[in-house]
Amino acid sequence: MSPSSTMYKGKTGQWAFVLHRITGFLVFMFILLHIVDVSTLNSPHIYNSIHKLYGNIFLRLFEVGLLFALLYHALNGLRVVMIDFFPKAIKNEKGVFLFMLSLAGVMTLVGAVYILKPFFTGKV
Amino acid sequence: MTTTIAKTGSVDAMELLTVHLRIKRYNPEVDTKPHWEEFEVQQKASDTVLNALHNIKWTVDGTLSFRRSCAHGVCGSDAMVINGENKLSCVNLISDVGTDLVIEPIRGLPVIKDLIVDMEPFFAQYRSVIPYLIAEDDPGYKERYQSQEDRARYDDTTKCILCACCTTSCPVYWANGEYVGPAAIVNAHRFIFDSRDQGTERRLDILNQKSGVWRCRTSFNCTEACPRGIKVTQAIEEVKRAILYDRV
């Protein structure tokens, strides 16, 4: 049976836009979380116990995801700025998108090593 | 330039194929919400999707409703979502789009019946950008001359046939019908960059508002969807820069 609603088959530009929205929302949610944990700074023991939580593997993986969201959002933002200001960038927007996505991916992998390594070596 | 049509492959143009269509249907008199109906028709590989729809309407189910007028990609009546992309049914051949078709009305505009949508919001947005030549001064007993370079400046955006493929492919427009949409901006661009026109300031003011060009998030769906091959996103960006730098 046919689905009641179908997906519009846009090309890379549509997915660049969707991913930009999603990563933007995630980064915003993280900032809320960040404000909450920084606001506990007045009581150091609460602050420290919260920050111990960040050492577990799930929150470290979350941070890797956050790093990707931040990098993608920043780099794709630059792509949109390029499209807005440089008439030539628009002719190769797909290439620029794939470059920015790959760059975000590579930088996330590098960052992941630094974020995850302490968990495995035990040197938190 | 003619309406763009993908090149036909090596398929035998006269070969009869069984075309399977799933069409999103809605009859406001009996349905509370749209539903899908399936049809199977025999078509030549060189037939258009519109031929298949005609075949259904004329031989299988006369209640199937859709718009079409010239059937040759000029009037812009038959934009619809074919296999997930906005296309004109009259210029897409079965040999290009395949024999398994999912057809829906274009998105972002209210459905009146089956594949027919209410185009009035779209045309109202088109009218809002003052899409005609404004030239108050008297040119005297001669024409309003224009160099070939000046004419070429807005050539791309003269090709619009107001089919709404671009506007109804825009994710921003689906979410916010207040946005004037790509088609209106394309038609504003056609006059903004016309050296004979004197209404540029008025149009840029209109497009500088909340519902204007700044709603564009460069998803490029409009450029991909345009059956006339207009570089829609590029035109929108040119208008954005004209507003930003206050020059055309």
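1. The area buried between domain 1 of chain B and domain 2 of chain B is about 1000 Å², with carbon and sulfur atoms giving 66% of that area; buried area here is the accessible area (1.4 Å probe) that two parts lose on being put together, summed over both. N86(B), R107(B) and L109(B) supply 47% of what domain 1 of chain B buries against domain 2 of chain B, more than any other three residues.

2. This is a predicted model, in which local features need pLDDT of at least 70 and side-chain atom pairs count only at pLDDT 80 or more, while totals for chains, interfaces and linings use all residues. Residues are numbered from 1 along each chain as its sequence is written, chains are lettered from A in the order in which they are written, and side-chain values use heavy atoms, leaving out hydrogens and water.

3. Chain B is divided into domain 1 (16–117) and domain 2 (120–245), with bounds that come from an automatic or database domain assignment. Between them, 13 residues of domain 1 of chain B are in contact with 14 residues of domain 2 of chain B, where contact means heavy atoms within 4.5 Å.

4. Which residues have the most contacts inside the largest nonpolar core? They are L21(B), I103(B) and L207(B), in a core of 65 residues. Such a core is a set of buried (under 20% relative accessible area, 1.4 Å probe, protein chains only) Ala, Val, Leu, Ile, Met, Phe, Trp, Tyr and Cys residues joined through side-chain atoms within 4.5 Å. I103(B) touches, among others, W36(B), L53(B) and M80(B), not counting residues up to four places away in sequence.

Methods
Buried means under 20% relative accessible area, exposed over 50%, partly exposed in between (1.4 Å probe, protein chains only).
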